[in-house]
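Please keep the sequence and the model in view while reading the numbered points.

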Amino acid sequence: MNIEGFELRRVAMPLVSPFRTSFGTQTARDILLVKAVTDASEGWGECVSLHDPLYSPEYTEGVVDVLKRFVLPALGAARMRTATAVAPALHAFKGHRMAKAVVETAVLDAELRAEGRSFARELGGVHDRVPCGVSVGIMDTIPQLLDAVGGYLDAGYVRIKLKIEPGWDVEPVRAVRERFGDDVLLQVDANTAYTLRDARQLAKLDDFDLLLIEQPLEEEDVLGHADLAKLVRTPICLDESITSAQTAAAAIRLGATSVINIKPGRVGGYLEARRIHDLAVAHGIPVWCGGMVESGLGRAANIALASLPGFTLPGDVSASDRFYATDITPPFVMQDGHLEVPTGPGLGVEPVPEILEEFTTATEWIPV
Ligand code: NPG
């Protein structure tokens with residue numbers, strides 16, 4: 001397989017409703033797609049970076065810059081032919097994992113499409129459908145939150161994640177438990193909004209039998225999470241702090257995380273995501289697949305990853321209509337609280353050309 005070049009494409013997709021987290025409110029997603037064009041096939045990657053560096057240091061304009069300035073020229077110079085060669089060819093460049101992930105995914109998709117193999121099969125998936133969790137944003141009022149959660153439970157979601165921040169934590173959790181009962185699989189996500197000084201407040205969540213508290217403290221405060229884990233009974237799950245299999249190994253050794261959220265974009269791609277899965281399984285640590293409000297392209301790959309055997313908790317793997325009235329691929333529709341794992345070559349889904357064009361704001365062709 002010879003790579004001829006990459007198309008960088010920006011698509012602007014409105015969200016069905018504003019999505020508020022502890023770091024901001026999103027009303028639309030400005031997505032960078034990368035298409036790898038080879039002499040044998042084409043493949044897609046979806047970058048998970050946000051417009052602003054609020055979730056992680058990366059941001060979409062920065063990703064475009066690092067791709068054009070460093071990543072794509074290095075791939076061209078390496079005459080790289082397979083997805084497994086992408087990470088070694090980019091190793092010299094520090095960080096920029098979302099940028100590295102999107103090109104590796106595009107190359108992997110092209111390679112698998114050429115060979116007729118699916119992402120799930122390549123990664124080691126063992127299930128033909130995966131359970132769907134949903135992430136519920138911070139709301140202005142508790143009744144609004146209860147309406148939203150009720151709607152998702154009616155739709156069939158099997159696990160609810162509430163976004164929390166100081167001032168919006170114990171009361172919303174209590175209200176959801178009181179209204180919907182103790183059987184609902186429930187967890188919370190703070191996106192780094194707390195400090196260790198908040199340990200007593202976070203320990204109040206222990207009364208509600210949550211599956212986990214996700215990333216309460218700063219990304220770099222792995223030791224703080226280890227200390228917090230001794231002060232709260234609810235399992236701590238790291239997201240932002242886990243940027244590689246190495247950082248995952250350290251966090252596990254320190255006792256900072258007893259569950260891991262795996263997001264391929266955050267860790268440099270699906271191949272590193274699989275390494276973290278394997279490491280976690282070896283340590284008896286459950287994992288689940290995170291989400292970054294992906295279109296159908298990124299969603300397809302996440303569903304494939306979530307079908308690996310160590311993904312024993314439902315992920316932020318929701319149906320397309322959780323975020324988008326119209327998706328750029330045929331929509332993923334939930335059935336009985338689950339999504340089917342695509343089985344076609346590569347991602348197993350294609351953008352619908354007219355819809356892709358309608359949402360596209362810019363394209364650029366970079367030969368390598
Ligand atoms: O289901 O795709 C989804 C969204 C899940 O809450 C979700 N993602 O912090 O995990 C997160 C959060 C997020 C979304 C973070 C977008 C950054 C960008």
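**Note on domains, cavities and core**

1. The largest cavity lies between domain 1 (3-116 + 352-367) and domain 2 (121-340), because both domains give residues to its lining. Domain bounds here come from an automatic or database domain assignment. A cavity is found on a 1 Å grid over the protein atoms alone, as a set of points where a 1.4 Å probe fits but cannot get out, and lining residues have an atom within 4 Å of a point.

2. The model is predicted, so local features need pLDDT of at least 70 and side-chain atom pairs count only at pLDDT 80 or more, while totals for chains, interfaces and linings use all residues. Residues are numbered from 1 along each chain as its sequence is written, and side-chain values use heavy atoms, with hydrogens and water left out.

3. The space in the largest cavity is about 230 Å³; a volume is the space filled by probe spheres set on the points, which are joined across faces, edges and corners. Its lining consists of 22 residues, and Phe19, Lys163, Gly291, Met292 and Val293 lie nearest the centre. Strands β1 (3-21), β2 (24-38) and β6 (159-163) are the elements that give two or more residues to this lining; strands (E, at least two residues) and helices (H or I, at least four) are DSSP runs, numbered from the N terminus. By class, the lining has 9 charged, 7 nonpolar and 6 polar residues. In this count Ala, Val, Leu, Ile, Met, Phe, Trp, Tyr, Cys and Pro are nonpolar, Asp, Glu, Lys and Arg are charged, and the others, Gly among them, are polar.

4. How many cavities of 30 Å³ or more does the count give? The count comes to 4. At least two lining residues come from each of β3 (42-46), α3 (97-115), α10 (264-267) and α12 (296-306). The lining divides into 12 nonpolar, 7 polar and 4 charged residues. Since domain 1 and domain 2 both contribute to the lining, this second largest cavity also lies between them.

5. The C-alpha centres of the two domains are 23 Å apart. Their contact (heavy atoms within 4.5 Å) takes 32 residues from domain 1 and 43 residues from domain 2.

6. The largest nonpolar core has 120 residues, and Leu67, Val103 and Leu162 touch the most other members. Such a core is a set of buried Ala, Val, Leu, Ile, Met, Phe, Trp, Tyr and Cys residues joined through side-chain atoms within 4.5 Å. Another core, of 5 residues, lies apart from it and includes Leu212, Cys237, Trp288 and Leu313. Beyond its neighbours within four places in sequence, Val103 is in contact with Phe6, Val34, Leu67, Val71, Leu72, Leu75, Val86 and Leu90.

7. Two further residues may be located. Trp44 lies in strand β3 and is buried, with a relative accessible area of 7%. Glu171, in helix α6 (residues 170-180), is partly exposed, at 45%. Buried means under 20% relative accessible area, exposed over 50%, and partly exposed in between (1.4 Å probe, protein chains only).

Technical notes
On a 1 Å grid over the protein atoms alone, a cavity is a set of points where a 1.4 Å probe fits but cannot get out, and a pocket is an open set with protein on both sides within 12 Å along at least five of seven lines; lining residues have an atom within 4 Å of a point.
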